[in-house]
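Dear colleague,

Please find below the sequence and structure that I am handing over to you. My findings follow directly after them.

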Amino acid sequence: MPDSTQHFEPNATELDAARALMARHLVWDNHGCMPVARPHDTSFLPQLQRYREAGVNAVTLNIGFGDQGVEDHLRTIASFRRWLLDRPDQYLLLSKPEDLTVARATGRLAVGFDIEGSNAIGDQISLLETYQKLGVRWMLLAYNIGNRVGGGCQQEDAGLTSFGRDVVREMERLGLWVCLSHTGHRTARDVLAMAQRPVIFSHSNPSALRLHPRNIPDELIRACAQTGGVVGINGFGAFLGNNVATPELYARHVDHVVQLVGPSHVSLALDHVFDVDEMNAGLAAMAHMFPPELGYQTPVAMLEPEQLTEVVAILQSWGYDEESLALLLGGNLLRLFT
């Protein structure tokens, strides 16, 4: 068992070893946030290069969240796809597992998409197939507050609805990963009880380390792993600590899940928001979704993509072997995708 009780500051040699390990394996951040609902503004998309420079081979980008509806999501994904397709020497749209191998071999960044909340489909389940064909890999069910599918994690949760059950069944049929981040715990339990395929918490941290409605108890982590699913560790300061985001703190959340269910059920999902000004303004403007009393503070602390190397070096110092690190860096997500 790794010794995660000691503070560790990696030196240059240890960081070089971490970079070398990352270069030998798939590195996939399963949740990143570019500006959404601004389809004519692609000014932040060049910052995707930061992932490549940080040793990341694949990223899943958010195309909408919360109260945003069908039009917002479709306009955003159309804008992202067009911008990426215009740069084939740098980016590859992620549509099949083989794309990950091609992206690594050619030095490109593979990009897929995700949806944070089923308001993206309104009352029309057939939209799920459209999103899937456009490159969406997963959709979470409710974003902090409830909707027609089920309950959110920051309000009273009445559980999965009949419509929600139909949504889950259709997502499983299509091969879209059912995500329970931001979702109420009762709704999450309902989904886990009916799941026929692996379920994910795409970007949720253990509440054992940071008590917050957005984080999840050990019981749900175990239930997720029993489906064959994966818990992605979030780099957002409110969910790591009291608006604190350091590589060591991130590594402790990774380690908690690994000690609980093993290295085959954890992944990366930094939840890094690239337009920091928009995010800070959004937290202030949407207090119903981000109540200040729940620790949503500005300016927000976030783990940067460039700090993943430090996370890997810290985990190596705690005794993590290369096989385990390869799984949590991207191997577990590749298993689900395959």
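In what follows, angles under 35 degrees count as roughly parallel, over 145 as roughly antiparallel, 65 to 115 as roughly perpendicular and the rest as oblique. Axes are lines fitted to C-alpha atoms, for helices over the stretch in contact, and angles run from 0 to 180 degrees between N-to-C directions. Helices (H or I, at least four residues) and strands (E, at least two) are DSSP runs, numbered from the N terminus.

This is a predicted model, in which local features need pLDDT of at least 70 and side-chain atom pairs count only at pLDDT 80 or more, while totals for chains, interfaces and linings use all residues. Residues are numbered from 1 along each chain as its sequence is written, and side-chain values use heavy atoms, with hydrogens and water left out.

Helices α1 and α12

The axes of α1 (residues 12-24) and α12 (residues 308-317) come within 8 Å and cross at roughly 105°; the two helices are therefore roughly perpendicular to each other. On the α1 side, the contact (heavy atoms within 4.5 Å) includes Leu15, Arg19 and Met22, and on the α12 side Leu308, Val312 and Gln316. Arginine 19 has a relative accessibility of 43% and so counts as partly exposed (buried means under 20% relative accessible area, exposed over 50%, partly exposed in between, with a 1.4 Å probe and protein chains only).

Helix α6

The 13 residues of α6 (residues 162-174) should span 18 Å at 1.5 Å a residue, and the end C-alpha atoms are 19 Å apart, which agrees; the expected span is 1.5 Å times one less than the number of residues. Among the buried residues of α6 are Phe163, Val167, Glu170 and Leu174. The buried residues pack against α5 (127-133), β5 (136-140), β6 (177-179) and α7 (185-194). Just after α6, glycine 175 adopts a positive phi of about 85°.

Threonine 187 lies in α7 and is buried, with a relative accessible area of 0%. Beyond its neighbours within four places in sequence, threonine 187 contacts Gly150, Gly151, Asp157, Gly159 and Leu160.

Glycine 228 sits in the loop between α8 (218-226) and β8 (230-233) and counts as buried at 16% relative accessibility. Leaving aside neighbours within four places in sequence, glycine 228 is in contact with Pro198, His265, Arg335 and Leu336.

Yours sincerely
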